[in-house]
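Work through the exercises below with the model open. Try each task before reading its solution.

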Amino acid sequence: MVAVCVPVRNEAVLLPRLLDALARQQRAGSFVLCVVFDACTDDSAAVVAARCAALPYAVVTQVLPPNTAPNAGRARAAAMALGLATVGETGVLLSTDADSVPATDWIASNIEALDLADIAAGLIVRSGGAASPVQDRIEAYYDGLARLRRLLDPVPWENGAPHHYTSAASLGCSGATYLRLGGFAAVAAGEDARLVDQAYRLGLRVRRDCAIRVETSTRRDGRARGGLADHLRDLDQSGGGSARMAHPEDVAWRYARHAVARAAWPVTAAGAGVLAEALCCGHDHIHEAAADAETAEAFAIRVVPDVPGGERLVDLATAEAALATLLLQHQGVAA
């Protein structure tokens, strides 16, 4: 059983798009929409109630008190808790947003991805509203970094052309996995990144799958403080001149050593010395990381140290040029 978990705060205008998109799902099987109304002061709850009877899926709702301050993480955690209570630990929890439009195969693609991995992260496509050319460049840059990562550090649960997104507009996992991760933190923004970072630390398999697609709005008056809307508005004002990225050569240094560390698992006494030299760290660090890790993935994430001297921060144009050179170099090696 699948639960689609959605927090809603004053989304009466855009909610019908989500309801209709879920009604168009293909190969989805049985699923239930779990909606948490987060202190709404508009007609969001009435919009869902009016449509329930005509929808081809079940709907479960919960209302948070109207006097609570906005908190994206708390609201999303409440939606996931409602989903977990509905489908249980063996069910699948899919997170999305009230202003998003999942593709017609979104649920089916999530299920297919979760056959290979523990976490399924979908591709986020911005649509409508004013264009953001700088954000387009930033997103293309990070997609390139994701490709570079898998050229340097391939894993069986992810293909060679992943995306970079870590967004609760499209995240999926089992109920048991969600409990193991400790759930979404009650933070104003970034609850999705925290959850996936925890998945990496635990050595879970995260698949960023371009086949899982969700359209989300490019509005500048978002509901979550510090979310995408605020980011786009800041880019509009700054023109992207203040954007600074970690130099891709430094990021590549870490990616390549993740592959070395993964290949060295489980670590032997003889292998620890070789690995310490490759990672530019001490033997004690190798043994401490190995003692805390249960899988090769967890070990690789824990053991690779910071880049010697720290990561360099460069402007977007410099980062783009350096990344293009690295991709050309390593794509040639892979071929």
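**Exercise 1. Find which strands each supply at least two residues of the lining of the largest cavity.**

Solution. The strands are E4 and E7. Strands here are DSSP runs of E with at least two residues, and helices are runs of H or I with at least four, numbered from the N terminus. This is a predicted model, where local features need pLDDT of at least 70 and side-chain atom pairs 80 or more, while totals for chains, interfaces and linings use all residues. Residues are numbered from 1 along each chain as its sequence is written, and side-chain values use heavy atoms, without hydrogens and water.

Next, take the lining itself. It consists of Met-80, Leu-93, Ser-95, Ile-119, Leu-171, Gly-172, Cys-173, Phe-184 and Leu-195. E7 gives the most, with 3 residues. A cavity is a set of points on a 1 Å grid over the protein atoms alone where a 1.4 Å probe fits but cannot get out; lining residues have an atom within 4 Å of a point.

Then sort by class. The lining has 7 nonpolar, 2 polar and no charged residues. Ala, Val, Leu, Ile, Met, Phe, Trp, Tyr, Cys and Pro count as nonpolar, Asp, Glu, Lys and Arg as charged, and the others, Gly among them, as polar.

Last, the volume. The largest cavity has about 40 Å³, and the structure holds 1 cavity of 30 Å³ or more. Volume is the space filled by probe spheres set on the points, which are joined across faces, edges and corners.

**Exercise 2. At what angle do the axes of H9 and H10 cross?**

Solution. H9 (residues 248-263) and H10 (residues 269-279) cross at roughly 175°, with axes that come within 10 Å. Axes are lines fitted to C-alpha atoms, for helices over the stretch in contact, and angles run from 0 to 180 degrees between N-to-C directions. That makes H9 roughly antiparallel to H10 (angles over 145 degrees).

Note on methods:
Angles under 35 degrees count as roughly parallel, over 145 as roughly antiparallel, 65 to 115 as roughly perpendicular and the rest as oblique. On a 1 Å grid over the protein atoms alone, a cavity is a set of points where a 1.4 Å probe fits but cannot get out, and a pocket is an open set with protein on both sides within 12 Å along at least five of seven lines; lining residues have an atom within 4 Å of a point.
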